[in-house]
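Hi,

Here is the structure I promised to pass on.

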Amino acid sequence: MSNENDRVIIVGAGPVGLTAALALHRRGIPTILLAAEPELVMELRGSTFHPPTLDLLDEFDLVPRMIEVGLKAPTWQFRDRETGPVATFDLALLAGDTNHPYRVQCEQWKLMRFLEEKLRNEGVELRFGHEVTAVRQDEGGVMVTAATSSGPVEVKGRYVMAADGARSAVRRSLGVEFEGFTYAELFLIASTDFPFENTLTDIAYVNYIADPLEWLVLLRVPGLWRVLVPAPENSDREKLLADDNLQAMLNRVVPRSEPYNIAHRSIYHVHQRVAKSFRHGRVLLAGDAAHVNNPLGGMGMNGGIQDAFNLADKLKAIWAGADDRLLDRYDRQRRTVAVEAVQQQTHRNQQIISERDPETRKKSLDAMRKVAADKTSAREYMLRSSMIASMRRAAEIE
């Protein structure tokens, strides 16, 4: 392989791909990033950064900038829609476990913008408008084919890291199974600048709100509250996103005589899926290309960023002469976390707040109250829900 092609090809310019590109570059590994879009996608997607993810991002000296354009969330809540707080979890209990005993609420595109700036300043090659359509590999390396406005191009490298999202073209080109299920409901989101905190005076920045008829999630980002509710799977999407429906939905949170200003609206299917393997020869899957889950817990993007750092460290060792069977350990570590921690925790969160059986619902909420009331139990729970425990678990897997 020529020196020019002895590099890692990253596919995808979301937070995972950009993080991986910078982490690899900082470890002295030649990197090129390909993205289908003409530029960064500035959409309101993930917005919660957990403590261990912030610890990893300290390497790039970005957390202070994220806090400047975001919010520090020292607590988060489970609530009952009718009675109010059920359990408030104070992340200060994790002060001995992390440098950042809080969440940061910051839209993911802001981190992406910071990462792109660093990558360009440090001379990493970013090719937007390159839609990957196929990946081929042999003992000598990998070949990626991408469609561009000027026609197809081929890019060679030693390894490919696919971080091209839930509909990953790389994963599909390899025929990798994406095991799991799709929820039998849609998730509807509306963002508004209405100050819910002035009426719901005891809410946190992050709230998971139980209700047998319409559970919801209430998340704060700078200048906006994001409200997420379920909707029937067979609903007319145009009607769900219509002003009258969203106004009615928001009025069920806080009734008011004036219409809500709706800054953003979206609707999507939600999946719990994990790729059968994260390693396929010289191709590695990460982020949503490898695993997707519901957003109740904010673990998807965080898990992907953690994938990126884990893989970057292993590739550094391989570039220094380690056997590339080390990449099998990446698969074992990160897939185990996805299956045993992220999938289970996020699905459990959804079950707690959506439970309809009165007895089961009461038992679940009472158990959550009991956990939050005891500092030892609360810390153990937050180690899991904040992904510190899963990172420790991954490090133990050989």
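Which residue takes a positive phi in the hairpin of strand 15 and strand 16? That one is Gly223, with phi near 85°. The hairpin has two residues between its strands. Keep in mind that this is a predicted model.

Now for the sheet around that turn. Eight strands make up an open sheet with mixed pairing, in the order 6-5-14-15-16-13-17-20. Strand 6 (84-90) and strand 20 (291-292) stand at the edges with a single partner strand each, so one side of each has no neighbour in the sheet. As a reminder, strands of a sheet pair through backbone hydrogen bonds, in either a parallel or an antiparallel way.

On one side, strand 14 (residues 206-210) runs antiparallel to strand 15 (residues 216-221), and four bridges join the two. Val206 has Leu219 as its bridge partner there, and Ile209 stands opposite Leu216. A hairpin of five residues links strand 14 to strand 15. Strand 15 also pairs with strand 16 (residues 224-232), again in the antiparallel sense, over five bridges.

How much of strand 15 is buried? Six of its six residues are. Leu216, Leu218 and Arg220 are buried on one side, and Val217, Leu219 and Val221 are buried on the other, so both faces are covered.

Helix 11 (residues 375-385) lies across strand 5 (75-80) and strand 6, and runs at about 80° to strand 6.

Most residues other than glycine have a negative phi. Met387, in the loop between helix 11 and helix 12 (388-396), has a positive phi near 75°. Asp61 has a positive phi as well, near 55°, and lies in the loop between helix 2 (51-57) and helix 3 (63-68).

Are these two buried or exposed? Met387 has 1% relative accessibility, which is under the 20% cut-off, so Met387 counts as buried. Asp61 comes out at 56%, over the 50% cut-off, and therefore counts as exposed.

Cheers

Conventions:
Residues numbered from 1 in each chain as written. Predicted model: local features only at pLDDT ≥ 70, side-chain atom pairs only at ≥ 80, totals over all residues. Heavy atoms only, no water. Pairing = 2+ DSSP bridges. Contact = heavy atoms within 4.5 Å. Axes fitted to C-alpha atoms, helices over the stretch in contact; angles between N-to-C directions. Buried < 20%, exposed > 50% of the residue type's maximum accessible area, 1.4 Å probe, protein only.
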